[in-house]
Amino acid sequence: MERGDFKGGQLAKPTIALLADYLDMTMDEASAMRDQHAELIAALPTYPQGLFRGHGIVILAGGKYSEIAATTLGMIRLLGSRLPIEVWMIDRVEEKEGWCDDLLTQGIACRFVSDYLQDMSAFSHHYQLKIAAIMCSSFTEVLFLDGDSMPVVNPDKIFDAPAYLKTGAVLWPDYWKATESPYTGYITGRSPEKNTQLPDFQTVDSGQMLWSKEKQWKALCLSAYYNYFGPTYWYTVFTQGGSGWGDKDTFPTALRALGAEWTMIPHHLQTQRYDDGTGHGKGSGMAMMQADPSDMKDFKPLFLHSNFIKFSVRRLMCDTCIEDPSALKPEQRLKGKEVTFNGSVTNRKSPIWESLTFAKRIFSTKIKDELNDMGKLDTEKDMWRVMTKVGCEGVFSDEKICRRVSKHLERTFGEVSQWEGGAERMCS
């Protein structure tokens with residue numbers, strides 16, 4: 001289907017000619033797809049009353065993502081959230097042994113997509129699991145979070161946000177303008193002809209989403225269709241080699257196709273940069289701060305989506321760690337050999353190596369100052385508190401990592417860990 005020879009970086013400033021030339025598609029083919037799409041929309045099911053109840057958080061994990069999600073889960077509880085949480089994985093092979101038992105003690109339930117879908121053969125990318133987790137979750141109202149998108153303040157009141165109550169769907173912006181095919185609007189029925197102008201709307205960051213199934217069930221069903229056939233068709237139609245190939249634009253496209261009312265957060269995301277000692281940060285950034293939907297006028301931080309540096313204590317502090325079997329690819333598991341990896345603390349080329357080695361903050365203090373202005377806690381310190389607990393207690397714990405992360409917490413933030421007996425043990 002593709003004939004373009006450009007990739008993401010070349011679409012930073014796209015032209016309509018460039019977008020129009022990417023897919024090898026004729027108007028007749030687009031018209032046939034338009035007819036099929038219209039038939040699909042007409043057949044979308046109504047909301048199944050009584051099947052779901054309440055509201056809660058849905059988080060994707062499994063394999064290597066579980067260690068990252070463990071930090072997010074710890075932050076949610078540290079911030080005082082009492083929302084019920086479901087952690088979703090592909091199947092039980094992806095579960096770190098004993099992790100789900102640990103989570104149950106925190107009021108967190110594990111769920112496996114394979115328990116709900118008989119045929120998993122079409123699921124070739126982790127991107128496709130988001131919509132499955134949202135739709136199969138037990139909640140009527142869902143705050144979806146990627147494993148690397150964590151709240152920086154208690155998120156419990158998010159379901160009371162006026163914008164959410166009005167529309168039942170809240171999405172957050174990403175960095176880029178859309179690079180969809182000019183045929184997209186025509187195929188999905190929102191335009192009577194092929195588009196001749198550049199898309200004038202922003203792509204979304206699907207690391208956090210807020211959904212009411214009751215209000216937006218048909219949009220979720222349509223997004224499920226886009227994701228089911230995403231890797232073989234729709235992901236490319238929606239991005240055409242641009243940045244963000246995957247699930248993210250299936251959600252707003254479904255809402256637009258149905259003419260549904262929904263909310264796009266009006267605040268542009270804030271890039272969180274590495275600490276350079278000035279407080280303002282340096283480099284291209286390591287995470288995205290997204291706004292609280294409760295305030296559509298002023299930007300108030302709510303989510304930190306760590307799209308570059310992943311806050312897994314083992315990925316940061318490990319020195320030749322053995323990869324857990326749940327994180328291995330099927331072909332690696334078949335070989336039966338141990339796979340090892342090194343964390344950022346051992347990699348001098350890592351942008352955070354200096355911070356981890358010499359007890360410095362990773363984030364620019366700008367994030368700390370903004371949250372202090374709101375009367376909130378120190379987010380980076382909280383993250384290290386959580387990672388210290390993860391590294392010292394439970395299924396991801398490791399004695400050497402525990403010593404390292406406890407030492408970092410004390411040297412950087414002046415807090416002695418309750419694990420490892422404090423400084424005496426750490427310096428031994």
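**Notebook: salt bridges and one buried glutamine**

I count a salt bridge when a side-chain nitrogen of Lys or Arg is within 4 Å of a carboxyl oxygen of Asp or Glu. K130 sits in helix α5 (residues 129-136), while D247 is in the loop between α9 (230-239) and α10 (250-257). The two are 117 residues apart, so I note a link between distant parts of the chain. Helices here are DSSP runs of H or I with at least four residues, strands are runs of E with at least two, and both are numbered from the N terminus. K130 and D247 are both buried. Buried means under 20% relative accessible area, exposed means over 50%, and partly exposed is in between (1.4 Å probe, protein chains only).

The model is predicted: local features need pLDDT of at least 70, side-chain atom pairs count only at pLDDT 80 or more, and totals for chains, interfaces and linings use all residues. Residues are numbered from 1 along each chain as its sequence is written, and side-chain values use heavy atoms, with hydrogens and water left out.

Next I took K310. Its salt bridge partner is D148, with the closest N and O atoms 2.4 Å apart. K310 lies in the loop between β11 (301-305) and α11 (313-317), and D148 in the loop between β4 (141-145) and β5 (149-151), so this pair ties together parts 162 residues apart in sequence. K310 is partly exposed at 27% relative accessible area. D148 counts as buried at 12%.

Then I checked R361. It forms a salt bridge with E380, the closest N and O atoms being 3.8 Å apart. R361 is in the loop between α13 (353-357) and α14 (365-373), E380 in helix α15 (residues 379-392), so the parts tied together are 19 residues apart. R361 and E380 are both buried.

I also logged a salt-bridge network that links K381, D382, R385 and E415. The salt bridge count comes to 20.

Last entry: which side chain does the side chain of Q208 meet in a polar contact? I found S149, at 2.7 Å. A polar contact is a pair of N or O atoms within 3.5 Å; within protein, one must be able to donate a hydrogen and the other to accept it, and residues adjacent in sequence count only if both atoms are side-chain atoms. Q208 is in strand β7 (residues 202-212). It is buried, with 0% relative accessible area.
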